[in-house]
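User: I would like to go through this model one question at a time. Please end each answer on the value or name requested.

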Amino acid sequence: MGSQTRGPNILITGTPGTGKSTLGAELATRTGFKYVNIGDVAKLNELFDGYDDEYQCPILDEDRVLDELEDQLSAGGNIVDYHSCEFFPERWFDIVFVLRTDNTILYERLEKKGYTGKKLQDNIQCEIFQTILEEARDSYKAEIVHELPSNTPDDMESNLERIVLWMQQWSLANGCAT
Ligand SMILES: Nc1ncnc2c1ncn2[C@@H]1O[C@H](COP(=O)(O)OP(=O)(O)OP(=O)(O)O)[C@@H](O)[C@H]1O
Ligand SMILES: [Mg+2]
């Protein structure tokens with residue numbers, strides 16, 4: 001084995017409004033890992049393929065997003081943030097965190113973001129039906145998929161501590177210098 005082991009890649013997923021970007025950005029600040037917000041990457045590089053009228057949002061061109069990120073993800077040391085997870089290559093991620101938020105809290109957060117009507121209801125249902133958790137379990141090995149409660153600032157702090165600890169253990173187990 002060479003001594004140049006790459007750092008792990010971490011996927012943070014979950015229903016819109018569960019706190020992926022808040023957690024992901026803070027984690028990147030604390031660890032020096034690269035924060036990759038898939039929506040921002042798509043916007044910056046115009047990686048869209050049409051517009052979804054029902055949900056009033058552009059449709060991600062998944063193949064072009066994957067092409068755009070392949071080299072960076074292969075190098076490791078990334079924290080990826082997106083509300084879906086099944087279209088990424090399984091080999092990209094060493095661990096997958098699925099954020100979970102109670103309905104009433106999520107409802108208020110989405111309302112604050114300006115969500116209304118069907119878009120608001122569908123996202124609440126997505127969380128109730130554990131859609132993203134099941135998608136993650138269908139797409140990655142069960143042992144690397146972890147649910148994290150994301151209701152309060154205390155939850156966020158303990159999630160940060162838990163992920164940082166996991167990263168330290170991963171580095172020890174995989175012979176990383178950092
Ligand atoms: N653990 C938490 N406790 C309290 N508030 C939180 C927590 N996590 C996030 N929030 C708040 O919830 C709102 C939504 O968070 P954020 O934008 O990070 O969610 P998201 O999952 O990235 O959503 P989207 O998928 O729409 O990008 C923000 O106002 C944020 O401050
Ligand atoms: Mg976000």
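**Contacts, burial and core**

User: Which residues does Tyr 82 touch, not counting residues up to four places away in sequence?

Analyst: With residues up to four places away in sequence left out, and with contact meaning that C-beta atoms placed from the backbone lie within 7 Å, Tyr 82 has two partners to name, Thr 13 and Ile 38. This is a predicted model, in which local features need pLDDT of at least 70 and side-chain atom pairs count only at pLDDT 80 or more, while totals for chains, interfaces and linings use all residues. Residues are numbered from 1 along each chain as its sequence is written, and chains are lettered from A and ligands numbered from 1 in the order in which they are written. The names asked for are Thr 13 and Ile 38.

User: Is Tyr 82 buried or exposed?

Analyst: A residue is buried if 20 or more other C-beta atoms, placed from the backbone, lie within 10 Å of its own, exposed if 12 or fewer, and partly exposed in between. Tyr 82 is in the loop between β5 and β6; helices (H or I, at least four residues) and strands (E, at least two) are DSSP runs numbered from the N terminus. Because 23 other C-beta atoms lie within 10 Å, Tyr 82 is buried.

User: How far apart in space are Tyr 82 and Trp 166, C-alpha to C-alpha?

Analyst: In sequence, 84 residues separate Tyr 82 and Trp 166. In space, C-alpha to C-alpha, the separation is 20 Å.

User: Which residues of the largest nonpolar core touch the most other members?

Analyst: A nonpolar core is a set of buried Ala, Val, Leu, Ile, Met, Phe, Trp, Tyr and Cys residues joined through C-beta atoms within 7 Å. The largest has 31 residues, and the members that touch the most others are Ile 12, Val 80, Val 96, Val 98 and Ala 136. Elements supplying at least two residues each include β1, α1, β5 and α7, and β6 gives the most, with 4 residues. The names are therefore Ile 12, Val 80, Val 96, Val 98 and Ala 136.

User: What arc do the buried residues of α1 cover around the axis?

Analyst: The buried residues of α1 are Lys 20, Leu 23, Gly 24 and Leu 27. They lie on the same side of α1, because the directions from the helix axis to their C-beta atoms cover an arc of only 95°.

User: What span does α1 reach from its first C-alpha to its last?

Analyst: α1 has 12 residues. The expected span is 1.5 Å times one less than the number of residues, here 16 Å, and the helix is close to that, reaching 16 Å.

User: Where does UniProt place the feature "binding site"?

Analyst: The entry is unreviewed; positions follow the numbering used here, feature names are shortened, and annotations may be inferred rather than shown by experiment. Gly 17, one of the positions, is buried, with 25 other C-beta atoms within 10 Å, and Gly 19 is buried with 24.

User: What is the radius of gyration of the protein chain?

Analyst: The radius is taken over C-alpha atoms, and the globule rule is 2.2 Å times the number of residues to the power 0.38. With 178 residues, a compact globule would be near 16 Å, and the protein chain agrees, at 16 Å.

Notes:
Contact = placed C-beta atoms within 7 Å.
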